[in-house]
Amino acid sequence: MGLSPEHSASNLYCCEDVGDLGIWDNDTWISDLNLPLDFSEEINDDDDVEDDNNSLIDWLIDSEIHHIPLPDYLQRIRDHSIDPISRQNAINWILKVHEHYHFIPVTAYLTVNYLDRFLSSYPLPDGNGWPLQLLSVACLSLAAKMEELKVPHLIDLQNSEPKYVFNSSMILRMELLVMSNLKWRLRSVTPFDYLDYFVSKHPSSLGSPRNVFFTRTFSRASDLIFGTIRVTDFLSYSPSIIAAAAVILASGGGIDLSVADDQKSVTYYDKVNKVNVGACLLMRL
């Protein structure tokens, strides 16, 4: 007979040292940077601001490696070492709750990011049972706390017909385990972090800030990025690559990735691998 969540929850926490739960490093919080995040504002020939914008994007790209699953994670899903159906069921539940509360898109993306990063380094004792459901609730709760202005109570967060319902104490303990396992890097780099900059650098965005093209492309690219959450193969691409491909598709295409210095080319491609962007585009976001 299987163990109940209440009886065996301690198995998930026995490896944790509470003394380690308050340690983080300098790249934990992107929000600590005193740099502009709205790249669509007019620069007014202020080279210092433009340099800050470029420096922030460079920093985000360099930081991506700290906010993605381990390199072999996708292959383990493909060979069923990690059950892809169980993972997909967890994501489906997360998206149902996300829709129910009208959370912003980045909350869903962060939730799945936390889930994948955790699963890539911490095997759960029961792939399709209560531990995965507990992990899903904890990841969603953490992401909502990071992004949402109003966060539901933990008991209310467990809607959309979950298989198991957990008390607040269990969820909070699981949150601690997740945060420790992720090395307290909760402000993950996501494709959404690049949209302002990438869209503003598109040739059709030049001119007045927040023009029609910018607004339309930004919205469409956000929808495309959100759609990648369900597709496992996008785990093989970094956030900046996904963002670049999404902006190209959202803008209507027409960008020649083989052109390096053409004035009509997109200037941010010196910051991303154009071959990988092209491959990502072939996946049809």
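Trainee: With which side chain does the side chain of Thr107 make a polar contact, and what makes it one?

Mentor: The partner is the side chain of Glu148, at 2.5 Å. The cut-off for a pair of N or O atoms is 3.5 Å, with one able to donate a hydrogen and the other to accept it. This pair lies within that limit, so it is called a polar contact. Keep in mind that we are looking at a predicted model.

Trainee: Where is Thr107 found, and is Thr107 buried or exposed?

Mentor: Thr107 is in helix H5, residues 105-121. Its relative accessible area is 0%, and buried means under 20%, so Thr107 is buried. Leaving aside neighbours within four places in sequence, Thr107 is in contact with His98, Leu140, Ala143, Ala144, Glu147 and Glu148.

Trainee: Why is Leu176 called partly exposed?

Mentor: Its relative accessible area is 34%. Buried needs under 20% and exposed needs over 50%, so a value in between is called partly exposed. You will find Leu176 in helix H8, residues 168-181.

Trainee: How far apart are Leu176 and Ala138 in sequence and in space?

Mentor: They are 38 residues apart in sequence, and their C-alpha atoms are 8.9 Å apart in space.

Trainee: How many disulfides does a search of the whole structure find?

Mentor: The search finds 0. Two cysteines are still worth a look. Cys139 is buried, at 0% relative accessibility, and Cys280 is buried with a relative accessible area of 0%.

Trainee: Which residues touch the most other members of the largest nonpolar core?

Mentor: They are Tyr114, Leu135 and Val178, in a core of 76 residues. Helix H6, residues 130-147, gives the largest share of this core, with 12 residues. As a general background, nonpolar side chains tend to be buried together in soluble globular proteins. Beyond its neighbours within four places in sequence, Tyr114 is in contact with Cys139, Leu142, Ala143, Met146, Leu182, Leu186 and Ser188.

Trainee: How do you know that the length of helix H4 agrees with its number of residues?

Mentor: Helix H4 runs over residues 84-100 and has 17 residues.

Trainee: Which residues of H4 are buried, and what do they pack against?

Mentor: The buried residues of H4 are Ser86, Arg87, Ala90, Ile91, Trp93, Ile94, Leu95, Val97 and His98. They pack against helix H3 (73-78), H5, H6, helix H7 (154-157) and helix H10 (212-227). At the start of H4, a side-chain oxygen of Asp83 comes to within 3.1 Å of the backbone nitrogen of Ile85.

Trainee: What makes the pairing of Asp116 and Arg87 a salt bridge?

Mentor: Their side chains meet at 2.8 Å, N to O. A salt bridge needs a side-chain nitrogen of Lys or Arg within 4 Å of a carboxyl oxygen of Asp or Glu, so this pair qualifies. Asp116 is in helix H5 and Arg87 in helix H4, so the bridge ties together parts 29 residues apart in sequence. Both count as buried: Asp116 is at 3% relative accessibility, and Arg87 is at 3% too.

Trainee: How many salt bridges does the structure hold?

Mentor: The structure holds 5. One of them joins the side chains of Arg187 and Glu147, at 2.4 Å, N to O. That pair links distant parts of the chain, with Arg187 in the loop between H8 and helix H9 (195-200) and Glu147 in helix H6, 40 residues apart. Another salt bridge joins Arg76 and Asp72, at 3.3 Å. Asp72 is partly exposed, with a relative accessible area of 40%.

Trainee: What is the phi of His102, and where is the place of His102?

Mentor: Its phi is positive, about 55°, although His102 is not a glycine. His102 sits in the loop between H4 and H5. Its relative accessible area is 70%, and exposed means over 50%, so His102 is exposed.

Trainee: And what is the phi of Glu161?

Mentor: Glu161 also has a positive phi, near 55°, and is a residue other than glycine. Glu161 lies in the loop between H7 and H8. At 76% relative accessible area, Glu161 passes the 50% cut-off and is therefore called exposed.

Conventions
Residues numbered from 1 in each chain as written. Predicted model: local features only at pLDDT ≥ 70, side-chain atom pairs only at ≥ 80, totals over all residues. Heavy atoms only, no water. Helix = DSSP H or I, 4+ residues; strand = E, 2+ residues; numbered from the N terminus. Buried < 20%, exposed > 50% of the residue type's maximum accessible area, 1.4 Å probe, protein only. Contact = heavy atoms within 4.5 Å. Disulfide = S-S within 2.5 Å. Core = buried A, V, L, I, M, F, W, Y, C linked by side-chain atoms within 4.5 Å. Expected span 1.5 Å × (residues − 1).
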